[in-house]
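Here is a walk through one protein model, piece by piece. Have the structure open while you read.

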Amino acid sequence: MTREIFLVDIQTFYASVEKADHPEFKDKPLIVAGDPKQRSGIVLAADPVAKSYGIKTAESVGQALLKCPQAVLVRPRMQHYLDISLLITQILKSFTDLVEPYSVDEQFLDITGSRHLFGTSDEIARTIQKKIMKDTGVRARIGIGTNKVLAKMACDNFAKKNTAGIFRLDQNNIEKCLWPLPIRAMFSVGSHMEKHLIGMGIRTVGMLASTPVELLRKRWGINGVLLWQTANGIDSSPVTVHTYDRPKAIGHNITLPYDYVYEKDIKTIILELAEEVARGARAKHCRGNIVSIGVRGANFDHPTGFYRQITIFHTTSFGMDIYHAASILFDRFWDRQPIRSIAVTLSGLHSDKEYQLSLFDQSEKKEKLNAAIDAIHQKYGRTALFRGPSLRPSSQLRIRSKKIGGHWK
Ligand SMILES: [Mg+2]
């Protein structure tokens, strides 16, 4: 069945909440700034009026005031914004159970099963917009698509720019609407990747979509395939509410002792989890070809984070394969918010007797290496041998090795 996914985004979220609470500022340019008294404070959000003066998020208050001296400066009220965000989640949940917060002002919805109850996608989108406006005073823009990446790109490139604030992107209009756009407009292409792609002569999303996938795979591995899939509007990731209970899978998750904000620290944990998952798979004599990663934000009252999965080309029970795939997903989907819990899962499991030898893969060598590592761990314990990143203070390896009693899921 064709899925129907929404990405609901709130326009200039913090600034819109302040405007809704302060009708006296209705037509004035408004800035929410870290420390409004300090000219060196940072602009966290600017409403559309302030933006029309050229004010941008993340510039200094001093710079912003040069462009628009009459702007109203407001101190942020983070807890209040989180409460409003949660209220919006509640509104969305009255349309479907499947609501996945993606960031503080963006949430994915799967309304595939709700259409017969609430009307067409377009009608549902308009109803959601109206209800959010009525209950919170902020404006939602909604991207619609048959999967998450289409919904996200529909929102970012079109719904945010048209007057309706709603846009649908699917296989019928992807060629006409998305493909002519510069490569930077594609979801997950940052300035770094943009440079690489332009260096290869790929300047538009359409040019990427029609690049032979093998070429991209040779250059970037799984990430190249993901890029190609995104350009072609292909994505099978589900909208998930309960991230961690996947059936027929081997997964491990960890709740961190404090919020992790640095990529290196988080990657250390991903590596440790990947190694644990791989060991679990080997202990059960199986290999899998679907790697999933879920991360959750630090504030459990307001769930943020994401859950993503990727299918790799051959089944594996190697930690580095799992780590590599999980890292690619993490790099693409992390919104840089603090992280408190991480889960890594391997699914698509098969008995390790039936796996096919891949010509491109050094399976045999890795097999021997892993057998040796497993033997050392069995004999001398988990901490006798580990990868370099686990020397970092952020590592949880030593603490975990004390807690684990072989409880593979
Ligand atoms: Mg927004």
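Touching here means contact, that is, heavy atoms within 4.5 Å. Axes are lines fitted to C-alpha atoms (for helices, over the stretch in contact), and angles run from 0 to 180 degrees between N-to-C directions. The helix and strand labels are DSSP runs numbered from the N terminus: helices are H or I with at least four residues, strands are E with at least two.

Before going on, keep in mind that this is a predicted model, in which local features need pLDDT of at least 70 and side-chain atom pairs count only at pLDDT 80 or more, while totals for chains, interfaces and linings use all residues. Residues are numbered from 1 along each chain as its sequence is written, and side-chain values use heavy atoms, with hydrogens and water left out.

Two strands pair if DSSP finds at least two bridges between them.

Now for the pairings. E7 (residues 140-145) and E8 run parallel and are joined by 4 bridges, with Gly-143 partnered by Phe-167 in E8. E1 runs antiparallel to E7, with 6 bridges between them, and there Ile-10 has Ala-140 in E7 as its bridge partner. E1 also pairs with E6 in the antiparallel sense, over 5 bridges, and Asp-9 stands opposite Glu-106 in E6.

E1 is mostly covered, with 6 of its 6 residues buried (buried means under 20% relative accessible area, exposed over 50%, and partly exposed in between, using a 1.4 Å probe and protein chains only). In a regular strand the side chains alternate between the two faces of the sheet. Here Ile-5, Leu-7 and Asp-9 point one way, whereas Phe-6, Val-8 and Ile-10 point the other way.

Which residues are the protein donors of the magnesium ion? They are Asp-9 (OD), Ile-10 (O) and Asp-105 (OD), lying 2.1 to 2.5 Å from it. Donors are N, O and S atoms within 2.8 Å of the metal (3.2 Å for Na, K and Ca), and water is not among the atoms, so sites may look incomplete. Along the sequence, the donor residues follow the spacing D-I-x94-D. Asp-9 counts as buried because its relative accessibility is 3%, and Ile-10 is buried as well, at 4%.

## Helix H1 against helix H4

H1 (residues 13-21) packs with H4 (residues 78-93) at an angle of about 90 degrees, with their axes 10 Å apart. That makes the two helices roughly perpendicular (65 to 115 degrees; under 35 counts as roughly parallel, over 145 as roughly antiparallel, and the rest as oblique).

On the H1 side, Phe-13, Tyr-14, Val-17, Glu-18 and Asp-21 take part; on the H4 side they meet Met-78, His-80, Tyr-81, Ile-84, Ser-85 and Ile-88. By class, this contact has 7 nonpolar, 2 polar and 2 charged residues. Ala, Val, Leu, Ile, Met, Phe, Trp, Tyr, Cys and Pro count as nonpolar, Asp, Glu, Lys and Arg as charged, and the others, Gly among them, as polar.

An open sheet of 3 strands has the order E3-E2-E4 and mixed pairing. Its edge strands are E3 (43-46) and E4 (72-74), each pairing on one side only. The twist averages 30 degrees from one strand to the next.

E2 (residues 30-33) pairs with E3 in the antiparallel sense over 3 bridges, and Ile-31 stands opposite Ala-46 in E3. H1 packs on this sheet, touching E2, E3 and E4, and makes about 120 degrees with E2.

## Two loop residues with positive phi

Thr-12 sits in the loop between E1 and H1. Although Thr-12 is not a glycine, it has a positive phi of about 30 degrees. Arg-336, also not a glycine, has a positive phi of about 70 degrees and is placed in the loop between H14 (319-333) and E12 (339-351).

Is each of these buried or exposed? Thr-12 counts as buried, at 13% relative accessibility, whereas Arg-336 counts as exposed, at 58%.
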